[in-house]
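Grab a pencil and have a look at the structure below. We'll work through a couple of exercises on it together.

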Amino acid sequence: MARSKKTSDSEMLQGTLDMLVLKTLVMGPAHGHTIAHIIEQASEEFLQVEQGSLYPALHRLEDRGWLSSFWGASENNRKAKFYKLTAAGRRQLTQETSRWRQIVRAIGLVIGEDEA
Amino acid sequence: MSVRRFFFRKRSDEDLRREIEEHIELERYLNLERGLNEKEASRHALIKFGSRQRVREDIWRMNSVTFFEKLLRDLSYAVRTLVRSPGFTILAVITLALGIGANTAIFTVINGVLLRPLPYSNPSEIVHLEQTATRVGPDRIGFSVQEVQDYRQQSRSFSDLAEYHTMTFTLLGAKVPERVVTGVVSANYFNVLGVKPVLGRLINQSDETMSAPPVLMLSYAYWVKEFGADPKILGRPFTMNDRVHIVVGVLPPLPEFPDANDVYMPTTSCPFRSSQGMIANRDARVLTVLGRLKPGVTLTEVQADLNTIGNRLALSYPKSYPPAAGLAMKITPLQQELTHTARSTLLMLLGAAGLVLLLACANLANLALSRQLRRSRETAIRLAAGATTWDIFRQLMVESITVALAGGVLGLGIAMATVRVLVAYAARMTPLATDIHLDGHVLLFGFAIALITGVLFGSIPGFIASRSRLSLLAGSGERTAGSEGGTRTRAILVATQVAFSFVLLVGAGLMMRSLYNLLSVDPGFKTAEVLSMNLPLNWTRYSDLKTQNTFFQQILGRAQQIPGAQSIALSSMVPLNGTGEGMNEGIAIEGRAVVPGEPLPQVDRQLSTPDYFRVLGIPMLSGRTFTEADTTDSVKVTIVNAQMAQHYWPHLDPIGRRISTDEGKTWTTVVGVVSSVHQYGISQDFKDVAYFPQAQVTFMGDPSLLIRTRNEPTQLANQVSTIIHQIDPQQPVTDIRTLDQLRNAQLGTPRVTSILLGTFAGVALFITIVGVTGTLGLSVTRRTKEIGIRIALGATRREILLNVLRHGMAPVATGIVGGAIAAALSTSVLSSMLFGVNPHDGVTPVAIAILLIIVALIGCLIPGRRAVRIDPMKALRSE
């Protein structure tokens with residue numbers, strides 16, 4: 001499958017986005033807009049979810065079997081597609097979270113920041 | 001990426017669109033809450049989301065497989081272009097359907113007969129044993145009871161040997177008295193074959209003793225046909241040969257081998273086989289022997305083993321194994337025994353059908369090539385727009401494979417429709433024909449040849465197209481009629497076609513001549529208006545000559561009264577009924593010393609009543625025929641045929657000479673000579689035959705009634721049967737057929753083979769001529785301007801015509817030469833199927849070559865005429 005190559009920057013971001021999406025869904029099923037909204041609010045509006053990558057990410061996660069989806073009613077009572085964490089997704093989240101923590105710690109050590 | 005998503009991309013894209021809309025709607029709503037006005041809320045929501053199209057495209061791409069996608073695109077393009085030129089498509093599909101259908105139908109037969117394993121366990125271990133008297137003739141001789149015992153005890157190569165012979169008995173206890181074909185087998189017979197009963201048990205060792213109660217096994221077909229597959233058949237009693245037989249088991253469906261038996265009984269139940277005379281007589285060789293080899297034993301080892309035993313027997317019983325007879329043992333693997341006649345014919349037909357398909361492929365390649373050349377501008381544009389040569393090649397390939405698969409589906413239909421006819425045809429050659437049906441292998445075969453065909457006829461235009469030059473775009477319309485390279489490819493295709501069809505035509509020609517020879521054989525007797533029927537005798541009832549004579553006289557006397565019956569006779573055999581061998585007997589000839597160790601002269605012995613020669617219209621050459629006066633009380637007489645007279649009394653009058661059938665104890669006087677007849681089959685040579693009057697000799701077989709009628713013979717059949725049943729209500733009447741029917745049945749196989757091969761060859765010839773004409777026509781179109789210039793410069797029409805014909809006939813001539821070589825190398829496969837024609841005979845190829853040249857010339861004249869009519873002014877201006 002030919003897909004355009006991404007820069008290493010965005011690839012790391014992509015991985016991060018996956019983790020954030022999974023994390024958001026631990027609380028329960030949500031649709032795309034809610035997911036983006038939660039991430040933004042939880043990061044105190046620091047992280048801005050690029051919609052252009054949110055939906056491909058959701059699509060990819062669903063393909064890998066970490067998410068499942070269904071059509072349900074949204075807050076304002078319209079049909080919306082909801083995403084739900086699967087068991088495999090939950091395991092993946094644990095893995096990614098610990099990996100993320102390791103990386104953050106390792107990088108912190110290298111650039112000489114004190115551990116809080 | 002899941003395959004499901006690939007095929008449902010449209011739907012999931014639609015979902016995504018709605019999902020995005022919903023997202024934006026929610027965002028807009030949020031913005032409204034934040035206090036923005038309607039317009040701003042929408043605007044910000046849209047800005048925040050960014051390009052909706054890009055998201056959709058990204059995900060669409062994520063859901064695609066490039067190869068699949070291109071293939072699908074090619075496929076839909078192929079379907080569109082094919083639908084746009086329905087003429088080409090229909091022609092191509094039908095041509096291929098016929099070719100693939102013919103191949104698949106013949107493969108279906110081959111699959112059922114040659115490829116499917118026999119329904120026995122480890123069939124490769126089973127062999128058929130036979131003896132031949134190598135110095136007397138090629139005919140197989142059976143085994144005697146003594147010999148079976150000796151080989152069973154002494155051989156070390158077999159895990160077991162089983163004996164078999166077949167009889168016809170009357171079975172009482174079914175709805176009506178039934179004549180059943182009965183396989184008489186040793187108790188181990190079905191174990192040697194490795195067959196399990198579908199019901200009950202097999203015949204076992206304890207059944208094969210004289211004191212055991214007689215048992216029967218039913219064949220599957222008989223059980224279904226006669227008893228509706230009733231499972232309560234087990235234990236049911238039937239009377240045969242005046243003894244009660246109990247059904248103990250039913251066999252699974254099996255090939256009709258060695259015969260189409262209805263029931264099976266152990267050897268001890270057969271009055272013939274269990275008689276002391278039969279058991280003790282080492283020379284009564286009537287049994288068939290099948291053996292199961294010990295695992296790992298090779299055929300050479302078995303042969304050596306059998307030869308050793310044979311030599312030992314010859315030493316112990318020199319009288320039974322005279323050196324001059326040259327008795328020898330031969331083993332044939334069962335598979336081969338069952339298929340040897342069918343094998344070569346079927347493979348030959350598959351080869352012929354395959355050639356026709358190849359020819360069709362060549363024509364379609366040619367057609368597709370012209371189509372492609374017309375489309376070369378399109379190709380050039382696609383190349384210019386960035387298509388790779390592989391894209392072009394693949395697209396043409398997809399197109400041809402689409403056509404081929406459509407042809408394949410239609411062809412499978414044709415195969416299904418024709419296979420029934422072929423089964424009847426194959427049944428004449430092999431007992432395995434009953435198991436012919438379409439199965440997975442056949443479908444796979446049909447699919448595979450369709451695919452191969454598609455690749456074959458798509459690859460040539462595909463290859464040429466993929467080499468298209470961009471310069472074509474700049475060129476003018478003239479080039480589109482074909483490049484020089486295309487022309488050469490076409491000439492090669494045409495030459496190949498001619499060569500293939502030449503081979504087919506020669507084969508068909510040989511078969512036709514052989515059939516003609518068979519048809520023109522004079523059997524020596526008149527087959528028209530003769531009715532024959534078999535009267536299997538109840539041996540317990542008509543055991544001696546006296547009771548037989550009374551019975552026969554009654555039948556003849558009363559049947560003679562039927563209006564429409566001209567003459568009537570009983571005989572020990574019906575000519576041409578295909579059972580092959582007559583009763584062969586050693587005779588002594590008066591005045592010739594019997595050399596000890598030399599076998600007696602062998603002649604065929606036939607019994608008949610006086611009118612036999614009149615019924616069949618066999619001319620008396622000298623002497624007299626049998627009369628009512630030849631009885632048990634008068635002197636014993638015989639009539640010999642011309643061949644025998646010539647053989648034993650050359651240049652002498654045989655009348656009055658005497659022969660003996662019992663080594664000189666009693667003598668029989670020759671009173672007449674009749675002309676020789678082909679009674680064993682029209683392709684069989686004459687044999688030495690001695691006829692004896694039925695009234696003087698006890699019948700040992702089943703007599704046949706022969707009636708010459710004034711009009712349509714079959715009309716008399718019922719009356720004759722009624723008369724016989726009035727005389728003896730228990731007497732079965734079987735095999736009611738006219739001699740014409742028997743004669744036609746004999747010709748059936750060669751006739752169908754010739755028709756099939758002839759049809760294939762005819763189709764091949766047609767395809768080839770279409771190829772020759774079409775190619776030349778294209779070349780004339782391409783050369784219109786050139787020809788116009790030639791005419792303008794003063795070339796005569798004659799010169800133009802000759803030039804064009806030369807162009808057209810050159811590949812034909814090449815093809816004929818190639819075909820002649822190929823035919824010389826391949827026609828020997830026909831040798832076993834030919835009668836009276838040498839497979840390497842020179843007349844046929846020469847005749848075929850002339851035929852091909854004439855037809856091709858006629859084909860070439862069509863474009864030739866067009867060439868001479870070219871108007872030079874128009875041709876030159878038409879740029």
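Here come two exercises, each with a worked solution.

Before you start: this is a predicted model, where local features need pLDDT of at least 70, side-chain atom pairs count only at pLDDT 80 or more, and totals for chains, interfaces and linings use all residues. Residues are numbered from 1 along each chain as its sequence is written, and chains are lettered from A and ligands numbered from 1 in the order in which they are written.

**Exercise 1.** Work out in which order the 3 strands of the open sheet in chain A lie.

Step 1. Helices (H or I, at least four residues) and strands (E, at least two) are DSSP runs, numbered from the N terminus. Two strands pair if DSSP finds at least two bridges between them.

Step 2. β2(A) and β3 (residues 79–85) of chain A run antiparallel, joined by 7 bridges. For instance, A:Phe70 has A:Phe82 in β3(A) as its bridge partner.

Step 3. β1 (30–31) and β2 (67–73) of chain A each pair on one side only, as edge strands. The order is β1-β3-β2, with antiparallel pairing.

**Exercise 2.** Describe how helix α21 (residues 739–782) and helix α24 (residues 843–868) of chain B cross.

Step 1. Axes are lines fitted to C-alpha atoms, for helices over the stretch in contact (C-beta atoms, placed from the backbone, within 7 Å), and angles run from 0 to 180 degrees between N-to-C directions.

Step 2. The two axes come within 9 Å and cross at roughly 25 degrees. So α21(B) is roughly parallel to α24(B) (angles under 35 degrees count as such).

Step 3. Among the residues that meet are B:Leu765 in α21(B) and B:Val855 in α24(B).

Notes:
Angles under 35 degrees count as roughly parallel, over 145 as roughly antiparallel, 65 to 115 as roughly perpendicular and the rest as oblique. Two residues are in contact if their C-beta atoms, placed from the backbone, lie within 7 Å.
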